[in-house]
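Keep the structure open beside the text as you read.

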Amino acid sequence: MKTGIYYLNILELLNKILAFFLILILALFLGGIYGIIHDQITYFFSEEYYTKFKFAQFGLENWGLGQNIGTNNLPEIKLQNPRFGVSIIGFLSTWWVGLIIGIFLGLIAFINRNGREMIIIVLKAILITISIALIFGLFGLLYGKLFLVNNNPNWFLPEHLENRAAFIMVGSMHNFSYLGGFLGMCFGAYSIIRTKRKHKIKN
């Protein structure tokens, strides 16, 4: 009898471990998708943030996607399909954040009874995290417009900007999004623990 219980516990643990690795893959993917959506929004507000900063930072002109029509000191990357370039940058900028969130929330989710519960609860927690990150990002856009545009933030600002205000607003949105991601992860962790407590009360 004890042997049967032992093997059952081992199977449950293996099931949770499998669920954990599946969570990591899903979190990585969702993190990247969030980055794509986020950067498509910011590109709408400031194309220069990408053409005069991000495209060069990621070296997209070396990927055969376009060329530098500026100089080495003041690059301006013109892509054949800039929206596609924005999507690449969005994914590359956030997939690793999604992975970190997945690891953190996935480990906490081991308190659940089985792998299926882990996946469902963590996906809900990730959606909470993404929602809070997006809300904070939009708040950052507004904060940048109200408080940073007329000041001199200690950031990298290309000298050849035509719309400095929009560049600063988008930079603020990016910074606030990372802060929102961290806070969202904390709320996501709380939601996992809270759900577990509810299950205990019902049982």
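**Inside the model**

The largest cavity holds about 240 Å³ of space. This is a predicted model, in which local features need pLDDT of at least 70 and side-chain atom pairs count only at pLDDT 80 or more, while totals for chains, interfaces and linings use all residues. Residues are numbered from 1 along each chain as its sequence is written, and side-chain values use heavy atoms, with hydrogens and water left out.

Rolling a probe the size of a water molecule over the atoms shows where empty space is left. Here a 1 Å grid over the protein atoms alone is used: a cavity is a set of points where a 1.4 Å probe fits but cannot get out, a pocket is an open set with protein on both sides within 12 Å along at least five of seven lines, and lining residues have an atom within 4 Å of a point. Grid points are joined across faces, edges and corners, and a volume is the space filled by probe spheres set on the points.

The structure holds one cavity of 30 Å³ or more. Of the 18 residues lining the largest cavity, G31, Y34, T94, V97 and A133 are the closest to its centre. Helix 1, helix 3 (82–108), helix 4 (115–148) and helix 5 each supply at least two lining residues; helices are DSSP runs (H or I, at least four residues) numbered from the N terminus.

Now turn to the largest pocket, with about 190 Å³ of space. Its lining includes Y49, F53, W155, F167 and H174. Helix 2 (48–57) and helix 5 (164–202) are the elements that give two or more residues to this lining, and helix 5 gives the most, with five.

Two of these lining residues, Y49 and F167, also meet each other. They form a tilted aromatic pair, 4.9 Å centre to centre with 55° between the planes. Rings of Phe, Tyr and Trp (its six-membered ring) pair if their centres lie within 6.5 Å; planes under 30 degrees apart count as stacked, over 60 as edge-to-face and the rest as tilted. The pair links distant parts of the chain, with Y49 in helix 2 and F167 in helix 5, 118 residues apart.

E48 forms a salt bridge (a side-chain nitrogen of Lys or Arg within 4 Å of a carboxyl oxygen of Asp or Glu) with K52, and their closest N and O atoms are 2.6 Å apart.
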